[in-house]
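Good morning, and thank you for the time. Please look at the sequence and the structure together while I speak.

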Amino acid sequence: MISPDLIVGVVAFLFTLMIFSYLIGDNPLFRVAVYIFVGVSAGYVAAVAFRQVILPDLLMPFFDNPLQHAILIVPLILGLLLLTKVSPQLTKWGTPSMAVLVGVSAAVAIGGAVTGTLIPQIGATINLFDLRASASPAAALLNGGFILVGVITTLVYFHFSAISTADGSVRRLGLIELIAFIGSIFLAFALGVLFAGVYSAALTALIERFHFFGTFFGLG
Amino acid sequence: MADMIKCSVCGEINPADNEFCKNCLSRLQPLTGPLKGENAPLQPGQAPTKKNTSELEPILPQWLREARQQAQQTEGDEPKFAAQEAPTIPVSSEPDLLAGLASQSDEDEDVPDWLVNITGSAPAKKKKVEQEDSNIKKVEMGDFSEMPADDKGSASPTPTWMTPQEAAPEKDELASWLSEMGQTSVPFADEKAAPVQPAASTPEPPSASADQSDWLHDLQNGASTFDETPADQAPISSDETPDWLKNLDAGVASSEQTPAQQVFTPQAPISSDDTPDWLKNLDASAVSASQPPDQQLPAPQAPISSDETPDWLKNLDAGAVSFEQKPAEKPAESQPAPASDVPDWLRTFGEPSAPSTPNEPAVAQTSDAIMPDWLKAAAPSGEAPQAVQSEKSTDAETPVAVEMPDWLSSLKPVETESKAPESAAPAFVPKESGDTLSTAPAFADDSLSSGDVDAIFGSMQMPDWLSSAAAPSQPPASESLPPAAQPAGSIAPAELPSWVQAMRPVEAALPPDMSQGEASDTGVETKGPLAGLQGVLPTIPGVIKASSRPKSHSIKLNASEEQQAHSALLEQILAEETAPVPMKSSSAILSQRVLRWVITALLFLSVGGIFFSRTQIFTLPSRVPLPNDETEAAISSLDAIPAGAPVLAVFDYQPSLAGELEATSAPLFNRLLLLKHPNLVIVSTSPTGSALAERLLSTTLKDRNYQRGTQYVDLGYLAGGLAGVYDFAQTPTTAIPTDLWQSAVLQGKAHLSDFAAVIVLTDSAEAGRVWIEQAGPFRGNASFVVVSSAQAGPMLMPYMQSGQINGLVAGLNSAAKVEQANGQPGLTRRYWDAYSLGLLLAVAFMILGGFWNFILGLQARRTQEVK
């Protein structure tokens, strides 16, 4: 008798090979695997969203007790209008729903970015120069200075205001150019770290796959 | 109305019995049956039917009418012009040369208007080509006896014909005076004359009145005299009558005596002493016409000796010699006798092709003095004829000169008949056979030059009878043939008169330059019916070429060398702009693919091999208790939570990196679950989070044997993204309304701060930032630990340093630290050697690749420097 685990294992193995076939180039096996993953993911998501959100949180309360949950008519209508985005002729009807989504998301994002990232990060950068909190002021200062230089130079690097020169070319000021150059160095380090992280993650995933193969074939 | 007939010309209603319209004298009844009786055609030698000239009054020309009226006014001065009731015309046994005038049929369209007008019949109106029954062109000679008596009694000192009269309706009739001269004599016959209506058929002019010109009466008298003794007949005795006219009477009589085709055949020479000499000379010239061509007429046999003979007529005798010259001789050479009295226009009768020569004006000037006034008015100086000759007129109606009288201006140009066989050329043109013109034209004038004559007669339409008068009496049979058919050598090419040449369309159509410049056009045709003509298109195929070719224009631009160089440069620049960039060769792509395969193979072999070999070559990183170490902080923060406390675990990562996250989170969760036995509350903003959480707990953490519902709960999918997280952070129970909040695991937990710790597992910095930003302000004292992938760790580190999170475990390296802290080898140890080897290979490849690119760059630079 074939256990579900065996079936799952075989399917997983095959799909893994199909994905690895991309090494020889784009091929139908890879595309089939990708399409299956996309399709399965989309179906699973739709099922989860309906089962865990729409049904218990919108439809059942509303239809069970419309009067008590009359307010649920609003998200119901907005959800139905959002479905009109599928049709080019009716897409304008889904504009209000999109407006609500975009507006709420923008507001939450901006608020969170400001209060959750911008301000705390600025404070943190400033706090680096708090020598009282550091055991070694010099080190703290050096560290703070280094980070400060990196932050400023990186921010200046993204400053693209320029002026016209005598020869007709458009260039930034020399000081800005120097600072931006330093900031580009910090950016390069940061991008390098990011690349290393991506490679590490992919390598780990690959090792995990080997682990799967070993487990599947009983190699340990 | 059955007895009435409507005239088709003027629309006048006429009785049915009338043969001619009483208004316009046009034929009403067609000539359908054989002509009999009076309608019988006139035979040669037959006297024409007398017509009542009074009927011709309406058709008299205007000038003639006026003359008649003046004559009537001075009636008492000229009893000699008393009309005779029966003008008798001497009947002569000799043929009436002018008899054919009355027998002129409609078919004969060659009767010139001038001749018709002379007789006072047709006006200057053009003759239309009508049917025979129109009878407009017919020349009828009426019997003088039929002439109305009214005209006989009129006599005026001034010949009525000299005075302008109103133009009468057109009528094809010669002057009655002319008809009277010969009607009783031998009828004048013309071989081409169609049956002519007798004079009796001539409709009586409606205005038959006593306005018959006196001169007409005289002519009648004179004609009657001719009938008896032509020589004895006194000519018009009026002192006003020009002598030539007087002599004409005798001359006409003599001319009528000739048989057909010979107007001036001197078979019956006028023996009377009254015969004008010029007429006698005509007889003599007619005789010479029958002579061989080589022979020339002698000197004027009977030069005009009478003092009354006009000089022009005298000169005609001399000019008649020119007509007798060979046609081979150029017309220019055939100048008439140097008699100054011979009018030039008469001279040109023998010089058909003589163009306007410089001598003509001089001659014209000398002859101006001799020209009568009436003819002067009709024919201006020599310029007019020259102008006429220069006319490229094919129009038969081209007027000769502005000042020409009506009778002269109404002259029709010679039509094709003139171009017909040379033998049918007008009378005043020398024939090929050397026929001579035995008679001079009746109205020759010495003052006119040959060119003038040509101009005058250029538009004339010579009647056949008159043209044949100059023809030989018995033209040889060969002469009747077209010139081309005639035996070679016997007939010399004809010399066209100037007025014929003027009508040639070839020269008229061609522009002057072409008509003069084209050499091929100047050639004289020697073959065919157009022999002798110039500018004839060749009939030989292939010889014909375009007389004119369109001008070829150069399409090249007139540009200087500098401009051309600039244009070439601009063209080169444009070509470079549109020139395709050569693509790299396929060898570079192949090399990259091979390199990829090599790297893949090395990586798979090394990592796989070391993994399956279960080596532990590479040591785990040592745990350095640094204050700012994010891993140590995570460990520390989780160690501080109380045992059995609810811990919120957020699974926000994708299935693709589930292996890394499981490997990364496994040490920490092992530590937490092993040491603290927390109640896990699982939530996820990704629909697959629950599944991933279930996987982690069932496989990686299966040793911990966490049971669903008792040790952990799954709140499920948290919808709404940022807003959902924010909502959950504020009120988790409303964000996820579920009964699990009343479970033993979540008993009494309604806020985020009720949790001991919040552990966020994410593979992206964005998801981690969202939870950090949204849930951070609402976590209270709960530890906030983030377990992320190695790719998200650098981006979430600032939050660690900012204090927004309590710990960060990013990647397998941090997991190794945790596992190092755990003291128990786990999955990280299993992956560590392969992970380390993989990292070493990556570093090696980067170093080798960089070094290789550096070498290639040096070589490229050296190559560029060399170039």
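**Aromatic pairs and a parallel sheet**

I begin with one side chain: A:Phe216 is partly exposed, with a relative accessible area of 27%. Here, buried means under 20% relative accessible area, exposed over 50%, and partly exposed in between, with a 1.4 Å probe and protein chains only. The model is predicted, so local features need pLDDT of at least 70 and side-chain atom pairs count only at pLDDT 80 or more, while totals for chains, interfaces and linings use all residues. Residues are numbered from 1 along each chain as its sequence is written, chains are lettered from A and ligands numbered from 1 in the order in which they are written, and side-chain values use heavy atoms, leaving out hydrogens and water.

Over all chains, a search of the whole structure gives 23 aromatic pairs (ring centres of Phe, Tyr or Trp, the last by its six-membered ring, within 6.5 Å; planes under 30 degrees apart are stacked, over 60 edge-to-face, the rest tilted). A:Phe216 belongs to a stacked pair with A:Phe13, at 5.8 Å centre to centre and with 5° between the planes. Because A:Phe13 sits in helix H1 (residues 4-20) of chain A and A:Phe216 in helix H6 (residues 174-217) of chain A, the pair ties together parts 203 residues apart in sequence. Helices (H or I, at least four residues) and strands (E, at least two) are DSSP runs numbered from the N terminus. A:Phe13, at 17% relative accessible area, is buried.

In chain B, the rings of B:Phe728 and B:Trp741 form a tilted pair, 6.5 Å centre to centre with 40° between the planes. B:Phe728 lies in helix H27 (residues 721-730) of chain B and B:Trp741 in the loop between helix H28 (732-735) and S6 of chain B, so this pair joins parts 13 residues apart in sequence. Both B:Phe728 and B:Trp741 are buried. One aromatic cluster includes A:Phe13, A:Phe216, B:Phe604 and B:Tyr831.

Let me turn to the fold of chain B. Chain B holds 32 helices and 8 strands, and 54% of its 867 residues count as buried.

How many strands form the open sheet, and in which order? There are 6, ordered S5-S4-S3-S6-S7-S8 (chain B), with parallel pairing; two strands pair if DSSP finds at least two bridges between them. Strand S5 (712-717) and strand S8 (807-810) of chain B stand at the edges with a single partner strand each, so one side of each has no neighbour in the sheet.

Within this sheet, S6(B) pairs in the parallel sense with strand S3 (residues 646-652) of chain B over 6 bridges. B:Val647 stands opposite B:Ala757 of S6(B), and B:Ala649 stands opposite B:Ile759. Strand S7 (residues 783-788) of chain B also runs parallel to S6(B), joined by 6 bridges; there, B:Phe784 is the bridge partner of B:Val758.

Is S6(B) covered or open on its two faces? Both faces are covered: B:Ala757, B:Ile759 and B:Leu761 on one side, and B:Val758, B:Val760 and B:Thr762 on the other, are all buried. In a regular strand, side chains alternate between the two faces of the sheet.

Finally, S6(B), helix H29 (residues 765-775) of chain B and S7(B) make a right-handed β-α-β unit (with the strands pointing away from the viewer, the path from the first strand over the helix to the second runs clockwise).
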